[in-house]
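This briefing concerns the surroundings of the ligand in a predicted model. What is the make-up by class of the shell around the ligand?

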Amino acid sequence: MTWSRADLERVAQGVRGTVLWDEPMARHTSLRVGGPADLYLEPADLADLERGMELLRSANVPCLVVGSGYNLLVRDGGIRGCVVSLKRFDSLEPLPGARLEVGAGVTNQVLTRFAAEQCLGGIEFLSGIPGSFGGALTMNAGAHGGETMQRVELLTTLRETGVLVRKRSELEYGYRFLKLAPGEIILGARLRLEPVERRLIEENIREYIGKRGGQRVGFPNAGSFFKNPAGESAWRLIDQAGLRGATVGGAQVSEVHTNFLVNTGGAQAADFLALAELVKVRVKEAAGIGLEEEVRIVGEA
Ligand SMILES: Cc1cc2nc3c(=O)[nH]c(=O)nc-3n(C[C@H](O)[C@H](O)[C@H](O)COP(=O)(O)OP(=O)(O)OC[C@H]3O[C@@H](n4cnc5c(N)ncnc54)[C@H](O)[C@@H]3O)c2cc1C
């Protein structure tokens, strides 16, 4: 570690937004586990974010940008350095030609409701996916045949060199994946949608939310824990390996949906990591297939 608490204090003094010290990440993740972040920032606006990032860089303090934590497993030791949330980047603006300019901090639910009000279709699949739009872009979140990146016209990010705007054709993305440079922060995107009758959009939303009944697992979770291997369903492989209900500490393979690992109460991140390892080993033994986590795992053991 080449930086000190004094460096963090200088960063904290330099930003105008929310500053939290030793903030338990369990408060910011849907799995409800994870140790503290040394410093947790919610910059007030772009100038504030740029200033904060400059101070972090000049002191060599590592930084992790998070969305709403629905796809995040933070280890029990927490996060050394700084966590940045773009919650306040929540602007949402209609543009001519069935377009929307959307900030990274807008939630998928606010976005899909707004698009419906504007009679703009094509993004309804996001209505049942919890999280921020920045998280949806980073993960190229998708459901019901739709993927976030399909609707992106322009992506705006922040790098060390400044703000960068790229067309979708200039980006590399795939299943639950968008290629970003190390440290690159998504600020938002311009979406190109389609004019559609509001009634039809609302119908799609109702249908998609309705289809999620099987995901009501009754305990904190991060959605699908593992990616589906090509041509396979992770939940089926886990079920066939006999792991429905398998438990390590407070972490359990859901009885309802076997690709959901749930916190039945008092779980630690270490329980989830051990359970995930058990699932991977057993599925490999039973089916010869290696599962890969969809959930992003960060922080110190
Ligand atoms: C019940 C349930 C159902 C779900 N169903 C689906 C589904 O159907 N399809 C699907 O794809 N996912 C699903 N998920 C997973 C999750 O909702 C998505 O991955 C979502 O897009 C995560 O958004 P987030 O804001 O919570 O991101 P986070 O979990 O906070 O972050 C995810 C990753 O993105 C990075 N990140 C976040 N914001 C930024 C940014 N602005 N710039 C750079 N990096 C950033 C983080 O560092 C992290 O690596 C589900 C989750 C739950 C709990």
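The shell around the ligand comprises 16 nonpolar, 13 polar and five charged residues. In this predicted model, 34 residues surround the ligand, and the protein covers 92% of the 980 Å² of accessible area that the ligand has on its own.

**Closest residues and polar contacts**

- The residues closest to the ligand are V65, G69, P130, S132 and G142.
- For V65, a backbone N or O atom lies 2.6 Å from an oxygen atom of the ligand.
- At G67, a polar backbone atom is 2.8 Å from an oxygen atom of the ligand.
- R176 contributes through its side chain, where an N or O atom is 3.1 Å from an oxygen atom of the ligand.

**Elements around the ligand**

- Two or more residues of the shell come from each of the strands β3 (63-66), β9 (142-143), β15 (185-192) and β17 (221-224), and from the helix α4 (133-139).
- Helix α4 supplies the largest share of the shell, with five residues.

**Annotated domain**

- An unreviewed UniProt entry carries the annotation "domain: FAD-binding PCMH-type" for residues 32-196.

Notes. Residues numbered from 1 in each chain as written. Predicted model: local features only at pLDDT ≥ 70, side-chain atom pairs only at ≥ 80, totals over all residues. Heavy atoms only, no water. UniProt positions renumbered as here; feature names shortened; annotations may be inferred. Near = heavy atom within 4 Å. Polar contact = N/O pair within 3.5 Å; in protein donor to acceptor, adjacent residues only side chain to side chain. Areas by Shrake-Rupley, 256 points an atom, 1.4 Å probe, with all protein chains shown as cover. Helix = DSSP H or I, 4+ residues; strand = E, 2+ residues; numbered from the N terminus. Nonpolar A, V, L, I, M, F, W, Y, C, P; charged D, E, K, R; others polar.
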